[in-house]
Amino acid sequence: MEIRNAQIRRQARLNRKARIRKRIFGTPERPRLVIFRSTRHISCQVIDDQAGRTLCAATSEGKAFAEMAGDVAKTEAAKKVGALIAERCKAAGIETVVFDRNGFLYHGRVAALADAAREAGLKF
């Protein structure tokens, strides 16, 4: 029964994702900031949909993040990833983005990442 519920939740997220992506599109002037949240990690990319390129990315996985942030809770890791993506966007000359929550509810780690990116100077 638990597997069935997981499939239903996943399909509901993919349906939300499809509804969102009908309206959200990244341009060179205002690329799309898309997030992915797994049970353990969170990652985000800034994508120019017209060129089909990833401009910059940040994730809570890997040795580099572990050395930078240490062993932190998942919400704290999301905040650090949000600040890191904003820093990388500033270095790439990106000021404003379109936020794509990728079907995930705007709550918890997703909201923490978005708020941290806003506080670090990214506009969306």
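This is a short talk about how one protein chain folds in a predicted model.

Okay, hi everyone. Some ground rules. Residues are numbered from 1 along each chain as its sequence is written, and side-chain values use heavy atoms, leaving out hydrogens and water. Because the model is predicted, local features need pLDDT of at least 70 and side-chain atom pairs count only at pLDDT 80 or more, while totals for chains, interfaces and linings use all residues.

Let's start with the whole chain. How many helices and strands are there? The protein chain has 4 helices and 4 strands. Walk along the sequence and you get α-β-β-β-α-α-β-α. The radius of gyration of the protein chain is 15 Å, close to the 14 Å from the globule rule for 124 residues, so the chain is as compact as a globular protein of that length. That radius is taken over C-alpha atoms, and the rule is 2.2 Å times the number of residues to the power 0.38. Along its principal axes, the C-alpha trace spans about 50 × 35 × 20 Å.

How much of the chain is buried? Of the 124 residues, 36% count as buried. Buried means under 20% relative accessible area, exposed means over 50%, and partly exposed is in between, using a 1.4 Å probe and protein chains only. Now contacts, meaning heavy atoms within 4.5 Å. Take the ones between residues at least 6 apart in sequence: 61% of them join residues at least 24 apart.

Next, the strands. Two strands pair if DSSP finds at least two bridges between them. Strand 1 (32-37) and strand 2 (42-48) pair in the antiparallel sense over 6 bridges, and they form a hairpin with 4 residues between them. In that pairing, I35 stands opposite C44 in strand 2, and F36 stands opposite S43 in strand 2.

Strand 2 also pairs with strand 3, residues 53-59, again antiparallel and over 6 bridges. Here S43 stands opposite T59 in strand 3, and Q45 has A57 as its bridge partner in strand 3. This is a hairpin too, with 4 residues between the strands, and G52 in its turn has a positive phi of about 70 degrees. Is strand 2 mostly covered or mostly uncovered? Strand 2 is mostly covered, with 5 of its 7 residues buried.

And which way does strand 4 run relative to strand 1? Strand 1 and strand 4 run parallel, joined by 3 bridges. One example is L33, whose bridge partner in strand 4 is F99.

Most residues other than glycine have a negative phi. N102, though, has a positive phi, near 60 degrees, and is not a glycine. N102 is buried, with a relative accessible area of 7%. G108 counts as partly exposed, at 37% relative accessibility. G108 and K74 are 34 residues apart along the chain, and their C-alpha atoms are separated by 9.6 Å.

Last stop: helix 4, residues 109-119. Helix 4 is mostly covered, with 8 of its 11 residues buried. Which ones? The buried residues are R109, V110, A111, A112, L113, A114, A116 and A117. What do they pack against? They pack against strand 1, strand 2, helix 3 (74-92) and strand 4 (98-100). Just after helix 4, G121 takes a positive phi of about 110 degrees.

So, to recap the picture: strand 2 pairs with strand 1 and with strand 3, strand 4 runs parallel to strand 1, and buried residues of helix 4 pack against strands 1, 2 and 4 as well as helix 3. Thanks, that's my bit!

Methods:
Helices (H or I, at least four residues) and strands (E, at least two) are DSSP runs, numbered from the N terminus.
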